[in-house]
Amino acid sequence: MSRVVIVGGGHSGVELAFSLRQLGYTGAIAVLEKSSFPPYERPPMSKSWISGTAGPDELALRNQNAFAQSTIDLMLNCEVNSIDRKQQTVTTNDGVIEYSVLVLALGSSPRQLRITGSELSGLHQFHTLEHALALRDDLARASRIAVIGAGFIGLEFASAAAKLGKPVVILETAARVMPRTASELTASYVRSRHEVSGTDFRFNASVLEIRGQAGRVKEIVLSDGTCVEANLVVQGIGANPNGEWTADLGLNFDNGIVVDTCLRTNDPNIYAIGDCARFVDEEGRSVRLESIGNACDHARRAAAAIANTPVPPIETPWFWSNQAGVRLQMAGRIDRVEDWLLTGSVETNAFSMLGWRNRKLVYGESVNCPGDHVVIRNLLATDTVPTPEKLKPISGMGLKAGIKFLAQQQAESGSVY
Ligand SMILES: Cc1cc2nc3c(=O)[nH]c(=O)nc-3n(C[C@H](O)[C@H](O)[C@H](O)COP(=O)(O)OP(=O)(O)OC[C@H]3O[C@@H](n4cnc5c(N)ncnc54)[C@H](O)[C@@H]3O)c2cc1C
């Protein structure tokens, strides 16, 4: 009998299992997950969940019965240690399992500081539910908090801690928040909202050492010689793809398991999806992304390839973050942007930044404008986008209203964008 074995019961692995059933795949499906927790959602952990009282159940990706109802064999506490590509088996802590198709949905692991003091208690990572539970427990007792890294996870955690009335300082090596993942204008707006919540920032700050007292963090020493006091420290300094060990088995690994447009590795019976996969995007460039949108898109396309149905086109990347009362939504590729256009206004706390390359829209981020986010995703999916010159004079009315206005004008005059 054919059997798809999925290693990793996170967002992409679980989405793939259910997508296969939706596509009519009738063979056996097994999801092997090393954690003892049933599959859970990660995004809420760093948002409202960490400062609340909800338990792990509130994070469940699917209800308890869904796996059995879809005859998907979910195996928890099951870690895959090696793969025999010739025999088509995986070895787990629980025995050997045969596969006809293997899908590696291994996710990523948080980068860790390797400096003096990184073994002290009170220094936290924030990636798994195990991390989140330990952190929430510690947060209740902490009186001074430092966050290392002003990326999404660090900022979201800082926002949750500030909401609990805890003093927070964020240390960042770059000169601003979200240095690679948001425009300067949005970054400066988000920073100001955190400051209003009482959070302090230290930019261009490089952490040299963490000093402790009685085995627990006490202060952080920066390269300029200054110290920041904290009895709870969270490191949010990015993540690395899991699965480097597959290189020893002959799979191509280059900062991610290398796959083709159908998410297939250099072994035709093995796929890799989600955070751990380096794939070819619609422009033929090799990329690796860490987002729910990407995990679900990979899962649906790999499922189609495995079930022998047409593989859908690659979805435009999208992302969201909630922090300091700000709702951020992004779509497209910020690394392609050459020019920016602001629509809406910062003063009204609702605006969008459109990113252009050669006058083509390649990216857009919205601040407290969910309607604009929908418009941006639609515009990125079509070729009929108004030129920046057309949009500029009406940018003050906001993107959604501006696009509607231009469409009305177009209908009345019969002209084109
Ligand atoms: C705190 C936090 C907040 C986030 N917020 C957002 C957000 O707001 N928006 C957004 O788009 N994205 C967000 N992300 C990113 C998003 O959660 C990931 O991109 C997504 O989970 C990736 O899915 P995945 O299936 O590739 O990996 P994961 O969901 O990480 O799943 C991988 C699974 O594989 C298991 N595994 C690994 N190795 C083995 C092995 N050898 N054997 C068995 N099991 C194994 C792991 O235990 C894990 O459960 C957030 C991430 C974190 C950590």
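Tutor: A residue is called buried when its relative accessible area is under 20%, exposed when that value is over 50%, and partly exposed in between (1.4 Å probe, protein chains only). The structure above is a predicted model, in which local features need pLDDT of at least 70 and side-chain atom pairs count only at pLDDT 80 or more, while totals for chains, interfaces and linings use all residues. Residues are numbered from 1 along each chain as its sequence is written, and side-chain values use heavy atoms, with hydrogens and water left out.

Student: How many of the residues of helix H4 are buried?

Tutor: Helices (H or I, at least four residues) and strands (E, at least two) are DSSP runs, numbered from the N terminus. In H4, 10 of the 12 residues are buried, so this helix is largely enclosed by the rest of the structure. Among the buried residues are Phe-152, Leu-155, Glu-156 and Phe-157, together with Ala-160, Ala-161 and Ala-162. Just after H4, Gly-165 takes a positive phi of about 85 degrees.

Student: How many salt bridges does a search of the whole structure find?

Tutor: A salt bridge is a side-chain nitrogen of Lys or Arg within 4 Å of a carboxyl oxygen of Asp or Glu, and the search of the whole structure finds 22 of them. One of these joins the side chains of Asp-281 and Arg-333 at 3.2 Å, N to O. The pair links distant parts of the chain, 52 residues apart, with Asp-281 in the loop between strands S20 and S21 and Arg-333 in the loop between strands S23 and S24.

Student: Are Asp-281 and Arg-333 buried or exposed?

Tutor: Asp-281 counts as buried because its relative accessibility is 4%, and Arg-333 is buried too, with a relative accessible area of 14%.

Student: Which residue meets Arg-285 in a salt bridge?

Tutor: The side chain of Arg-285 meets that of Asp-335 at 3.8 Å, N to O, and this pair links the loop between S20 and S21 to the loop between S23 and S24, 50 residues apart. Arg-285, at 26% relative accessibility, counts as partly exposed, and Asp-335 is partly exposed at 49%.

Student: Which residues do salt bridges with shared partners join into one network?

Tutor: Arg-285 counts as partly exposed, as does Arg-377, at 28% relative accessibility. Salt bridges that share partners join Asp-281, Glu-283, Arg-285, Arg-333, Asp-335 and Arg-336 into one network.
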